[in-house]
Amino acid sequence: MPAPPPPPGSATVLSPGATIGILGGGQLGRMLALSAAQLGLNCHIFAPEADSPAFGVAARHTRAGYDDEVALAGFASAVDVVTFEFENVPVSTVRFLEARVPVRPGSKALGVAQDRLAEKQLARSLKATTAAFASVTSHAELVAALAVIGLPAVLKTTRLGYDGKGQAKLTAMAGSEAAWAAMRGQPAILEAFVRFRCEVSVVAARGLDGSFSAFDATENEHRHHMLHRSMVPATLSRPCADEAVATTRRIAEALDYVGVLGVEFFVCTGERGDTLVVNEIAPRVHNSGHWTMDGAVTSQFEQHVRAVAGWPLGSPALLGTGAEMLNLIGDDAADWQGILQDPSARLHLYGKAEARPGRKMGHVNRLRTELGSHS
Ligand code: AMP
């Protein structure tokens, strides 16, 4: 008879040789599986797409839909703990697995991070600042919300948005019909447009024992709504950087979080210096933390593996004086040979066969060892 499953959420600590199940087979799952292998752990990837980049580097994979309960039950019985690399995994999938095997982080964190309203309400309940916002479920509600929030504003689908998808910027009342049409009938959130000086993120981890560890705050540049470049250190005052980390810690504790999370902030400059506005919570390893693969004592991927395994967290200390990460999007990766010629460049490619426009193909890290500013 098979051993009875551990009680949900029990404090299972993995031993080397154990298996971590990962929901999602993208590049984040691939880099998690590589870090797990380095620590003597196996990964079993569960993803619906045949060409999942993580399949090629994991000990096992299951190709099935997130609603396939037979496949999910088989997956749960084959792994010691489950995590996810993709925040659009249905909460119902995670709840189904949670009844069978520990899932870290759990459905509570996933549910909040999938819902922009819940995310902002949580941030506010923890005394963090967010943009003014209102729930919008019809064109009439949008017009009423615009009267309160004012222009410019950003309308976003409440759920399933990423990299600027499902978003419309409003600069005039006349644009309200088109903005509402762009939501395709989905519930939305109207946010005041934040005039920020820069965008930063904190990538941090919370261990099974409640320990907390944050990497240095990272400054992020976007192009076409996608992350283009991340830089450490961020151009942020010490108190502001400390506040960003403290806010991230309060969020992780409120969500009873285990694993790595990313919190994105807008930095606004006012009379009292820099202030922070929480934009988004990512319940997973984060693109803005990729520099840690070459620029920190412990990478964010190893940190997540340690956390979900119930192991002690590693040091987040920066190696050198700074680091930079450039995303390779679409055709950017075609110059891989040129990048390899640069002795300061650390190339990471995700093994994707086809370079479609807007597709993240890899990234390049550069470590700075001398004092000086980013170019
Ligand atoms: P998001 O999907 O919420 O991370 O938004 C993607 C990007 O759109 C952000 O990184 C910002 O550059 C921009 N953006 C989103 N919301 C706002 C806002 N309320 N005010 C100004 N810019 C925003």
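Residues are numbered from 1 along each chain as its sequence is written. In this predicted model, local features require pLDDT of at least 70 and side-chain atom pairs count only at pLDDT 80 or more, whereas totals for chains, interfaces and linings use all residues; side-chain values use heavy atoms, with hydrogens and water left out.

The protein chain contains 11 helices and 17 strands (DSSP runs of H or I with at least four residues, and of E with at least two, numbered from the N terminus). Its radius of gyration is 21 Å, close to the 21 Å that the globule rule gives for 375 residues, so the chain is as compact as a globular protein of that length (computed over C-alpha atoms; the rule is 2.2 Å times the number of residues to the power 0.38). Along the principal axes, the C-alpha atoms fill a box of roughly 65 × 50 × 40 Å.

Of the 375 residues, 55% are buried (under 20% relative accessible area, with a 1.4 Å probe and protein chains only).

Four aromatic pairs were found in the whole structure (rings of Phe, Tyr and Trp, the latter by its six-membered ring, with centres within 6.5 Å; planes under 30 degrees apart are stacked, over 60 edge-to-face and the rest tilted). Phe215 and Trp291 form an edge-to-face pair, 6.3 Å centre to centre with 80° between the planes. This pair links distant parts of the chain, 76 residues apart: Phe215 lies in the loop between β10 (212–214) and β11 (218–223), and Trp291 in the loop between β14 (273–282) and α9 (292–295). Both Phe215 and Trp291 are buried. Ring pairs also join Phe46, Tyr66 and Phe75 into a cluster.

Definitions and conventions:
Buried < 20%, exposed > 50% of the residue type's maximum accessible area, 1.4 Å probe, protein only.
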